[in-house]
Amino acid sequence: MQWDNKLEARLGFYKNEGAEMQSNQDLLRATSKLNLKAIRNWNYTVEAQSNTQMMNHFNGDNTLKSKFLSPVDASPTVGMDYKKTFKKGGISIFPGPLSYKMTYVAVPDLATRYGIEEGKQSRHDIGSKLQVDFNYKLTNNISYKTRFYYYTPYDYVQVDWENTF
């Protein structure tokens, strides 16, 4: 049995001449994954993941478009996790054929922006997910890390692909 927990926080800013400072990266993500050994590098897995942002974000006309917990996505998933480590890195491939995703928006005025019905603050979807995490140490000072995330409740698709050197 193995229990992996990860908390990621990213916050980045930029400023162009004559403009105010703006955020170009804003993420707060918590992941908890419980693995039970199945066969070789495969594990029966239950994962819970939640993500939101830390800062307020505005449109060009200073209209609020998102803030902390507006939106927040939370999703438990059941599946199998293929985990392999090697000398300079490792890979995790997690197909989750049964995944529930709840999107909640704390500010009611922003709800429709995130596909939530008028007058409600949450949306519930059941679908499938695939997540691939890969990391590799190229040299003593340089490493490569990628995360591919695919989720579908079969009426839309959400894809994230992060690459970091």
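Author: A residue counts as buried under 20% relative accessible area, as exposed over 50%, and as partly exposed in between, with a 1.4 Å probe and protein chains only. This is a predicted model, in which local features need pLDDT of at least 70, side-chain atom pairs count only at pLDDT 80 or more, and totals for chains, interfaces and linings use all residues. Residues are numbered from 1 along each chain as its sequence is written, and side-chain values use heavy atoms, with hydrogens and water left out.

Reader: What makes up the secondary structure of the protein chain?

Author: The chain has zero helices and ten strands. Both are DSSP runs numbered from the N terminus: helices are H or I with at least four residues, strands are E with at least two. Of the 165 residues in the protein chain, 30% are buried.

Reader: How do you know which strands stand at the edges of the open sheet?

Author: The open sheet has eight strands in the order β1-β2-β3-β6-β7-β8-β9-β10, with antiparallel pairing. β1 (2-14) and β10 each have a single partner strand, so one side of each is left without a neighbour in the sheet. From one strand to the next, the twist averages 20 degrees; axes here are lines fitted to C-alpha atoms, for helices over the stretch in contact, and angles run from 0 to 180 degrees between N-to-C directions.

Reader: What makes β9 and β10 a pair?

Author: Two strands pair if DSSP finds at least two bridges between them. Seven bridges join β9 to β10, and the two run antiparallel. T146 stands opposite N163 in β10.

Reader: Why are F86 and F134 called a tilted aromatic pair?

Author: Rings of Phe, Tyr and Trp (its six-membered ring) pair if their centres lie within 6.5 Å; planes under 30 degrees apart are stacked, over 60 edge-to-face, and the rest tilted. The structure holds six aromatic pairs. For F86 and F134 the centres are 6.2 Å apart and the planes 35 degrees apart, which makes the pair tilted. This pair links distant parts of the chain, with F86 in strand β6 (residues 72-86) and F134 in strand β8 (residues 122-137), 48 residues apart.

Reader: What makes Y144 and F165 an aromatic pair?

Author: Their centres are 4.9 Å apart and their planes 40 degrees apart, so the pair is tilted. Y144 lies in strand β9 (residues 143-152) and F165 in the segment after β10 (158-164), 21 residues apart. F165 has a relative accessible area of 71%, so F165 is exposed. F86, F134, Y136, Y144 and F165 form one aromatic cluster.

Reader: Why is the charged end of K33 said to sit over the ring of F94?

Author: A charge sits over a ring if NZ of Lys or CZ of Arg is within 6 Å of the ring centre and within 35 degrees of the ring normal. The charged end of K33 sits over the ring of F94 at 5.2 Å from its centre.

Reader: Which residues does K137 touch?

Author: Contact means heavy atoms within 4.5 Å. Leaving aside residues up to four places away in sequence, K137 touches K88, I142 and S143. K137 is in strand β8 and, at 40% relative accessible area, is partly exposed.
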